[in-house]
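Here is a friendly walk through a structure, from side-chain pairs to overall form. Have a look at the sequence and the model, and then read on.

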Amino acid sequence: MSGWPLVVIAVATSIMALGALATLVAVLGTLRQLVRLSQRLTGLLESLDRDARPVIESVRRTADEASRMAVTVRDEVHALSTTSKDVRARIGRTAAALEDRFIEFDTLFDILHDEVEDTVLDVAALLRTTRRGAGLFRGLRRALGWRR
């Protein structure tokens, strides 16, 4: 083979080599940009890690503290609830005891009232009897003529 087919093959081979070379240059440029982007992303991630680590630790400590506080509050609420139940039970028992005492006091007052009433009636009867007796003595004294 000689002549123009070899020239065409040589030109075609040269064009393909140039295309491959252009593709290689484009790929290398893209790889270079990817390396730069990767370095920038790595720097950004390191910066974020450096800045976010204290925040994350603070959030963890806050969450732990909140958890401990929640346990404390739960325990206190339980203790208050238990105390409240005890106080309500004591108040109920005290109210029942007071009611019993009031009933006893009412009964005692009724008995005392009856006794006082009976005593007043006895005193009134005694006074009436004494007046009659005094009236009899006065009459007797007049009849007998005794004067004071």
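Let us begin with Glu57, which is partly exposed at a relative accessible area of 33%. In this predicted model, Glu57 makes a salt bridge with Arg60, and their closest N and O atoms lie 2.9 Å apart. Both residues belong to helix α1, where a spacing of three residues puts about one helical turn between Arg60 and Glu57. As background, side chains of opposite charge can pair when their charged atoms come close.

A further pair follows along the chain. Glu65 and Arg68 join through a salt bridge of 2.7 Å, N to O.

Asp75 is partly exposed, with a relative accessible area of 43%. Arg74, at 53%, counts as exposed, because the exposed class starts over 50% relative accessible area.

Searching the whole structure gives four salt bridges, among them these:

| Salt bridge | N to O distance |
|---|---|
| Glu57 and Arg60 | 2.9 Å |
| Glu65 and Arg68 | 2.7 Å |

Where does negative charge gather in a patch on the surface? The patch brings together Asp106, Asp110, Asp114, Glu115, Glu117, Asp118 and Asp122. One of its members, Glu115, lies in helix α1, which covers residues 4-144. Glu115 is partly exposed, with a relative accessible area of 46%. Taking the protein as a whole, there are 22 positive and 19 negative charges, and their mean positions are 7 Å apart.

Now step back to the overall form. Along the principal axes, its C-alpha atoms fill a box of roughly 195 × 30 × 20 Å.

What share of the 148 residues counts as buried? The figure is 0%. The protein exposes about 13600 Å², and carbon and sulfur atoms supply 65% of that area.

How values were computed: Residues numbered from 1 in each chain as written. Predicted model: local features only at pLDDT ≥ 70, side-chain atom pairs only at ≥ 80, totals over all residues. Heavy atoms only, no water. Patch = residues over 30% accessible without salt bridge, like charges linked within 9 Å, V, L, I, M, F, W, Y side chains within 5 Å. Areas by Shrake-Rupley, 256 points an atom, 1.4 Å probe, with all protein chains shown as cover. Salt bridge = Lys/Arg side-chain N within 4 Å of Asp/Glu carboxyl O. Lys, Arg positive; Asp, Glu negative; His and termini not counted. Charge placed at Lys NZ, Arg CZ, Asp CG, Glu CD. Helix = DSSP H or I, 4+ residues; strand = E, 2+ residues; numbered from the N terminus. Buried < 20%, exposed > 50% of the residue type's maximum accessible area, 1.4 Å probe, protein only.
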